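Here is a briefing on helix packing and chain contacts. Look over the sequence and the model before reading on.

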Amino acid sequence: MKWWKYLTIVLLLYTVVMGFLGHVPRLAILNETERNLYFHVPMWFGMTIILFVSVVNAIRYLRNPSPRLDILAHESVKTGVIFGVLGLMTGSLWARFAWGTWWTADVKLNGAAVTMLIYGAYLVLRGSVRDEQQRARLSAIYNIFAFSAAIPLLFIMPRLYDSLHPGMGGNPGFSKYDLDSSMRMVFYPAVIGWTLLGVWITEVSCRFAFVKEKIYEKQEKQLA
Amino acid sequence: MKSKKNNWLSRAVALLLPLLLLASAAFAQTSAAEPEMADALRASGKIYVVVLVLVIIVTGLLVYLIRLDGKVSRLEKEVGE
């Protein structure tokens with residue numbers, strides 16, 4: 001097993017233990033729910049990083065087409081969507097107890113939801129094209145569109161308008177509160193740990209897809 | 001006439017003063033009280049149960065992923081990747 005997989009295990013276990021036992025500042029309304037910072041926020045960090053990996057591989061595919069690059073881009077999007085959906089669910093639950101509602105027409109929330117829909121459409125688009133090369137090229141081009149729509153939706157638009165979400169529209173981010181650095185000692189390892197978990201899942205699913213590809217190739221050769 | 005007015009004023013003050021005191025006491029209380037945290041949970045030591053449960057879940061998921069990783073590795077060897 002590669003070294004970074006051991007690192008993932010250590011960081012995730014550290015996050016789960018220190019996420020509950022570590023010191024957090026006393027804040028009204030949030031109370032203990034601010035520990036969600038170690039679990040909800042890394043989902044979005046992980047998603048963004050994995051989707052960036054995906055779009056890089058999509059561009060690499062367009063420059064130099066190969067089935068491997070297409071698989072890398074596709075499996076990355078799948079992991080990214082899982083992380084994004086988990087982020088939406090945990091965010092909604094947190095909002096219920098911090099803001100008093102499961103969902104509100106907030107720029108940040110709607111931007112995140114639209115991002116998920118855009119990437120959902122990526123998977124639908126892939127499923128609707130039979131020809132492998134056409135599917136790979138179409139989805140690589142769509143991937144570029146999806147990523148360049150997701151970044152403004154998630155990180156630029158919410159800062160331009162009023163938003164309830166921390167770090168957006170004039171609201172202070174959590175960096176204002178965790179200046180005592182005790183939360184940072186858990187938050188940064190949490191981000192790295194959860195992101196590495198996403199990378200790990202993507203790596204395994206990619207390798208599985210590569211093997212599948214290889215077996216199909218062999219079968220086709222046998223038939224021919 | 002004057003005494004009657006005085007009487008009315010003193011009654012109003014007598015009625016309002018305790019209310020004001022109560023209100024100020026209430027305000028003082030809300031500002032002095034610290035935000036609620038799970039102190040009792042921590043003090044009773046039961047938070048460790050939750051931590052252990054999560055450690056078990058995360059470990060279980062990681063073991064599953066490690067086994068999946070191993071299976072794919074064996075498959076790769078078989079196919080000659």
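Which residue just after α3(A) takes a positive phi? A:Gly100 does, with a phi of about 90°. This is a predicted model, in which local features need pLDDT of at least 70, side-chain atom pairs count only at pLDDT 80 or more, and totals for chains, interfaces and linings use all residues. Residues are numbered from 1 along each chain as its sequence is written, with chains lettered from A and ligands numbered from 1 in the order in which they are written.

**Chain A overall**
- Chain A has six helices and zero strands; helices (H or I, at least four residues) and strands (E, at least two) are DSSP runs numbered from the N terminus.
- The C-alpha trace of chain A spans about 70 × 40 × 25 Å along its principal axes.
- Of the 224 residues in chain A, 36% are buried (20 or more other C-beta atoms within 10 Å of the residue's own, with C-beta atoms placed from the backbone).
- Contacts are pairs whose C-beta atoms, placed from the backbone, lie within 7 Å.
- Among contacts in chain A between residues at least 6 apart in sequence, 74% join residues at least 24 apart.

- α3(A) has 32 residues.
- From first C-alpha to last, α3(A) reaches 46 Å, close to the 46 Å expected at 1.5 Å a residue (1.5 Å times one less than the number of residues).
- α3 (67-98) and α4 (107-127) of chain A pack at about 145°, with axes 10 Å apart; axes are lines fitted to C-alpha atoms, for helices over the stretch in contact, and angles run from 0 to 180 degrees between N-to-C directions.
- Residues of α3(A) including A:His74, A:Val81 and A:Leu88 meet residues of α4(A), among them A:Ala112, A:Met116 and A:Arg126.

**Chain A against chain B**
- 21 residues of chain A are in contact with 20 residues of chain B.
- α1 (3-21) and α6 (184-223) are the elements of chain A that give two or more residues to its side.
- The largest share, nine residues, comes from α6(A).
- By class, the chain A side has 16 nonpolar, one polar and four charged residues (Ala, Val, Leu, Ile, Met, Phe, Trp, Tyr, Cys and Pro are nonpolar; Asp, Glu, Lys and Arg charged; the others, Gly among them, polar).

**α6(A) and α3(B)**
- The axes of α6(A) and α3 (47-79) of chain B come within 10 Å and cross at roughly 25°.
- That makes α6(A) roughly parallel to α3(B) (angles under 35 degrees).
- The contact includes A:Trp200, A:Phe208 and A:Lys214 of α6(A), and B:Leu68, B:Asp69 and B:Glu76 of α3(B).
- It has 11 nonpolar, no polar and four charged residues.

Terms used: Two residues are in contact if their C-beta atoms, placed from the backbone, lie within 7 Å. Angles under 35 degrees count as roughly parallel, over 145 as roughly antiparallel, 65 to 115 as roughly perpendicular and the rest as oblique. A residue is buried if 20 or more other C-beta atoms lie within 10 Å of its own, exposed if 12 or fewer, and partly exposed in between; C-beta atoms are placed from the backbone.
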